[in-house]
Amino acid sequence: MSANNKNEIEKTTTVVDSLIGSTGVGQLTVPNKTPKGRVRSSSSVGKINLGDTVPGFTNTSDDTNKVSPTKLNLSEKSTAEQGSNVGKGSLWKAYKNLNSRHFWISPLMIILTTYLAYFLSNDHSEKNPLHMFVTVSYQVDDTDQYGKGIKDLTFIFFYMIFFTFLREFLMDVLIRPCILKLNIKSKHKTNRIMEQAFCIIYYGVSGPFGLYIMYHTDLWLFETKTMYRTYPDLTNSFVYKIFYLGQAAFWAQQACVLILQLEKPRKDFQELVFHHIVTLLLIWASYVFHFTKMGLAVYITMDISDFFLALTKTLNYFNSRFTPPVFVSFMFIWIYLRHYINIKILWSVLTEFRTEGNYVLNFATQQYKCWISLIITFILIFALQLVNLYWLFLIFRILYRMAFQGIQKDERSESDTDSEQVQEQKQQALEDIERKS
């Protein structure tokens, strides 16, 4: 690029900044370009920003990870001129570049390698070291009941990788092309819709699955007394354990993405981290200390409400006329599941925890339903309720603005959204100038 072209770009950069600063977001017009990648941030659809979902990994880094066509052409010429050793290095570099754009490739390779090694082996019993990764362990004789143990951690770890792959693959291969066909140009809006579309898919499966399991137990419709009568629940059925540990893997994967700050933190970042920590503590404590019936009820209250939350956000992004009625329906579902049912469980801890079933501390028989577990259980569920109350406040604020001001948004991330749009417009303008020069 010549010195005159460089000076032209520097001057144009100054003009771009001044135009954006003086006219505001959205008044600088630049040629439309197909997004080169996607940058995800925290869970939101439109400006309805509440809930407990987090973005994926792909393209969360800076634009330095992007590879321009010019660099790719130079790399190809260099590879053709050099020997086989250099060729291997170029293949590895090409793989890294491809994986940076499609993060699901590496998790897929791990999953396929593990599955192939397991299923191609002649031993599918628990003696096979890969068995603990692929499926649940500790089957009780030839029954449908499974115990608990340290191998369950390997199952959770492996399916954390699986959910990483599933999320990125669905967003990259299925959801993103559908959004582009709808002629949505904004990277910000595209990323938000992809996040919520994945939530609709996941919670649309996990919610009914949890209800199916509950229907075949004595917990149907959130019966609380049966949570304590059969305690301790030392074993669970195959589908029950698959669901429980699968949910643990999903929440652990989401917590890792959130705590590692692979996206720009938002205003309620601390509340979101607190929510995930409490949720993981509840999962761990309920599983290890055999309160899995209570854990199943809490799972269902979160999954079903989150499904309608994601649906409402997605409709809001599309400016759908169905957003208000769906939002009102979501609000009632949220209040019933996340508040009425959770408070019902809290009340049962105070009134039924000691009177229903055994109430004794005995390490030999794994009896942990005693005074200290009562306190810990109440504190964890109450802490979860506090976060839900904060989000309920946001829901009522959105409802008020929608009903009395005709506004379907939440101000929580307005500054973040504007900043992203400004940077997106500046980047597109500079890339256009550089390409023409």
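**View 1. Residues 411-416 in the predicted model.** Across residues 411-416, pLDDT stays under 50. Where pLDDT is low, the predicted coordinates should not be read in detail.

**View 2. Confidence along the chain, and residues 61-67.** The average pLDDT of the protein chain is 81. A score of at least 70 is reached by 72% of the residues. Residues 61-67 have a pLDDT below 50. Beyond near neighbours in sequence, residues 61-67 make six contacts in the model.

**View 3. The loop that holds tyrosine 359.** Helix H12 spans 323-351 and helix H13 spans 371-404. Tyrosine 359 sits in the loop between them. Its relative accessible area is 32%, so tyrosine 359 is partly exposed. Tyrosine 228 is 131 residues away in sequence. In space, the C-alpha atoms of tyrosine 359 and tyrosine 228 are 9.2 Å apart.

**View 4. Contacts of tyrosine 359.** Neighbours within four places in sequence are left aside here. Tyrosine 359 then touches Phe353, Arg354, Lys369, Cys370, Trp371 and Leu374. The side chain of tyrosine 359 also reaches the backbone nitrogen of tryptophan 371, at 3.2 Å.

View 5. Of its 437 residues, 48% are buried. Among contacts between residues at least 6 apart in sequence, 76% join residues at least 24 apart. The accessible surface comes to about 21,800 Å². Carbon and sulfur atoms account for 64% of that surface.

Methods. Residues numbered from 1 in each chain as written. Predicted model: local features only at pLDDT ≥ 70, side-chain atom pairs only at ≥ 80, totals over all residues. Heavy atoms only, no water. Buried < 20%, exposed > 50% of the residue type's maximum accessible area, 1.4 Å probe, protein only. Contact = heavy atoms within 4.5 Å. Areas by Shrake-Rupley, 256 points an atom, 1.4 Å probe, with all protein chains shown as cover. Helix = DSSP H or I, 4+ residues; strand = E, 2+ residues; numbered from the N terminus. Polar contact = N/O pair within 3.5 Å; in protein donor to acceptor, adjacent residues only side chain to side chain. pLDDT = per-residue confidence, 0-100.
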